[in-house]
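Please read it with the structure open.

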Amino acid sequence: MSSTATATRTDDAQVDITPVDVTKVRRTNRMPGERPLGPARILAFIALAFMALLWLLPMLWAIVTSFKTETDAASGGLNLIGPNGVTTQAYEAILAEGNVYVWALNSLWTSAVITLITVSISALAAYAFSRLDFKGSRWIFLAVIASIIVPPQALIIPLYYQMLTFNMVDTYWGLILPQIVMAPIIFILKKFFDAVPVELEDAARVDGAGRLRVFFSVVLPLSRPILGAVSIFVFIQAWNNFLWPFLIINDTTLMTLPVGLQTVLSAYGVQYSQVMAQAVLAALPLVIVFLFYQRQIVKGVATTGFGGQ
Amino acid sequence: MTDVMAGRSAAGPEPRVTPGEDSKGRRTSPTRGQASRRGQLVAWAFLGPFMAAFLLFVIWPLIHGIYLSLTDQSLTGAGGSFVGLENYSEALSDPVMWSSIGNTVWFTVITTVPLVLLALIMALLVNTGLPGQWLWRLSFFMPFLLASTVISQIWVWIFNPQIGAANDILSAIGIEPIAWLQTAHVDLISIAIATIWWTVGFNFLLYLAALQNIPDLQYEAAAVDGAGRWRQLFSITIPQLGPVTGVILVLQMLASLKLFDQAYQMMEGGSSETSRPIVQYIFEAGFVGYRFGYASAISYIFFVLILIVGIFQMVVLRNRKGNS
């Protein structure tokens, strides 16, 4: 984990490590003309630590409660360990139920499929907008970009109606297909392709490679980082999407994790440690992935987030 | 596929060589602006899959929604006859529609300001390079990765009037407990608090990225000129963050206006007059009341609201850019 700690500017970090007191205030980014350990810095640290704690507490609280007995959880209080001690009862009860596995699996594979389709069709289209000229390319691109302003929530009624006519209500296709159009992705990828030197492609084309071959053998390998960033973004969105999966899926065995959990929230409403255990289990996959790939995810989200402007 | 094949088979019998291309199917004069027929075909091979999805799942619903809004279509399949603007006139005189819009706008106001300010403060503090970078980023950004259902479950429990942590903290500092999610007006504020906790990490990351793009050179120059830390903050950092703040504001307001997931879940499917957002009213009209025509009309009113905010901000941002 220590490697990620240095993700921000660290050029002169190693030079100036002052092993101070127990708090180990180590400088990684000293501004020029600044004293090593001014009171301002200590204050900043305290403020930061306080806010971080505030932000971590709800999650820690959920974890703590998930390990309590129902009686202890229901009696409330700010104690870390209830009078009846630590137990994994809540987890056992939920996992015995079996549905959580099914929902997690559904979420995993539908999100993966959505990511794969979205990124593939967007990359192809973005390349066309960037490099190929065809009639109306400017206008079509403008229309796609303008569609970013259309809130998906305003389309749920006609989309549902459409799925009714396609017989796709309560099917995986009905769940997946409306989620594969993401105009901001086109915008980001086009910007990237625009910046790729044309000469690279021309060289391959002189050798007789067609557009598609050039795209797959020259452009795509160059685009790996941006495609990764975009994929992370699409996957998180799909994994967490609630409204559409909630509307289109009624069959318990087809539900995604967020939708499935919502149905049991009412059923288990008063069993707090079970509800919290579910929350923890549902959060776990992305949290683990985040712990391992923090840098990539942070970079990906920052890049993609700006693309939407 | 077609292009690869064409490129390969060029050496063999390849009868059709359109003008503007050489025998290998390469475009020889892209400068003319006259795209060749094969060029068109190739372009559409690339565009096709996306455009098909775009037309089917964005453009068609967008158009069909207008039509539905002019009918009395029901989810059950009944109705469907043309009623003109009746749905719109009903919506415009529907007090629930207006209170939902009011709630949505109010929610946007009370979340946007803290979500931008807190994100800025967090990013500025983290960017000072204090030790524990990964821990700070983890704490602030992690909630953003959680599904709405997960954060709703956590916050419903925190806001529980009998055993929730929120009231425990209040009573610890001597304030009367509150029924957070069961009290009119407080319910929307509670949802706003949960939302701020949940999504501030995204804005924080955008600010952090922007801060790290400010060249060190500027600070060094300022330091040579004798500018202190605070001086640097206000004369370099804050002005440099202007454009990013504009972008974050736009993204944030548009996101807040689309409130549904956490509001619906934290109210446990129920709704109160002071917390129901407009998207939830679309859902209720369409999927609880089965009135697809009416729900479509409200969808369009919602869309217009988003458009107004979006266009207004574009104009403001452009003017600011023009002035500076």
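**Notes on the predicted complex**

1. **Chain B, overall.** Read along the sequence, chain B runs α-α-α-α-α-α-α-α-α-α-α-α-α-α. That is 14 helices and zero strands. The model is a predicted one. Of the 324 residues in chain B, 42% are buried. Take the contacts in chain B between residues at least 6 apart in sequence: 63% of them join residues at least 24 apart.

2. **Chain A, overall.** Chain A has 15 helices and zero strands. It has 309 residues, and 45% of them are buried. For contacts in chain A between residues at least 6 apart in sequence, 71% join residues at least 24 apart.

3. **Confidence.** The predictor assigns the complex an ipTM of 0.83 and a pTM of 0.84. Chain B has an average pLDDT of 83, and 87% of its residues score at least 70. Residues 1–34 of chain B are another matter: there the pLDDT is below 50. This stretch still has 48 contacts in the model beyond near neighbours in sequence.

4. **The largest nonpolar core.** This core has 164 residues. Which members touch the most other members? They are Ala125(A), Leu189(A), Phe204(B), Tyr207(B), Ile282(B) and Ile298(B). H8(B) gives the most to this core, with 15 residues. Ala125(A) touches Ile186(A) in chain A. In chain B, Ala125(A) touches Phe46(B), Leu47(B), Phe50(B) and Met51(B). Residues up to four places away in sequence are left out of that list.

5. **A helix pair in chain A.** Helix H8 (residues 183–195) and helix H11 (residues 224–240) of chain A pack at an angle of about 170 degrees. Their axes are 11 Å apart. H8(A) is therefore roughly antiparallel to H11(A). H8(A) makes the contact with Ile185(A), Ile188(A), Leu189(A) and Phe192(A). H11(A) makes it with Ile226(A), Val230(A) and Val234(A). By class, the contact has seven nonpolar residues, no polar and no charged. Leu189(A) is also one of the residues listed for the core above.

6. **Helix H6 of chain B.** Is this helix enclosed or open? It is largely enclosed by the rest of the structure, because eleven of the eleven residues in 148–158 are buried.

7. **Helix H13 of chain B.** Helix H13 (residues 278–288) is mostly covered, with eight of its eleven residues buried. Among them are Gln280(B), Tyr281(B), Ile282(B) and Phe283(B). Just after H13(B), Tyr290(B) takes a positive phi of about 65 degrees.

8. **Trp136(B).** This residue lies in helix H5 (residues 133–141) of chain B. Is Trp136(B) buried or exposed? Trp136(B) counts as buried, because it has 25 C-beta neighbours inside 10 Å. Trp136(B) touches Leu48(A) and Ala52(A) in chain A, and Val126(B) in chain B, not counting residues up to four places away in sequence. Met122(B) is 14 residues from Trp136(B) along the chain, and their C-alpha atoms are separated by 8.7 Å.

9. **Backbone angles to check.** Most residues other than glycine have a negative phi. Asp170(A) is not a glycine, yet its phi is positive, about 65 degrees. Asp170(A) sits in the loop between helix H6 (156–165) and helix H7 (172–176) of chain A. Asp170(A) is partly exposed, with 13 other C-beta atoms within 10 Å. His185(B) is not a glycine either, and has a positive phi of about 70 degrees. His185(B) is found in the loop between helix H7 (165–172) and helix H8 (186–212) of chain B. His185(B) counts as partly exposed, with 13 C-beta neighbours inside 10 Å.

Technical notes
Residues are numbered from 1 along each chain as its sequence is written. Chains are lettered from A and ligands numbered from 1 in the order in which they are written. This is a predicted model: local features need pLDDT of at least 70, side-chain atom pairs count only at pLDDT 80 or more; totals for chains, interfaces and linings use all residues. pLDDT is the predictor's confidence in each residue, from 0 to 100. Two residues are in contact if their C-beta atoms, placed from the backbone, lie within 7 Å. Helices (H or I, at least four residues) and strands (E, at least two) are DSSP runs, numbered from the N terminus. A residue is buried if 20 or more other C-beta atoms lie within 10 Å of its own, exposed if 12 or fewer, and partly exposed in between; C-beta atoms are placed from the backbone. A nonpolar core is a set of buried Ala, Val, Leu, Ile, Met, Phe, Trp, Tyr and Cys residues joined through C-beta atoms within 7 Å. Axes are lines fitted to C-alpha atoms, for helices over the stretch in contact, and angles run from 0 to 180 degrees between N-to-C directions. Angles under 35 degrees count as roughly parallel, over 145 as roughly antiparallel, 65 to 115 as roughly perpendicular and the rest as oblique. Ala, Val, Leu, Ile, Met, Phe, Trp, Tyr, Cys and Pro count as nonpolar, Asp, Glu, Lys and Arg as charged, and the others, Gly among them, as polar.
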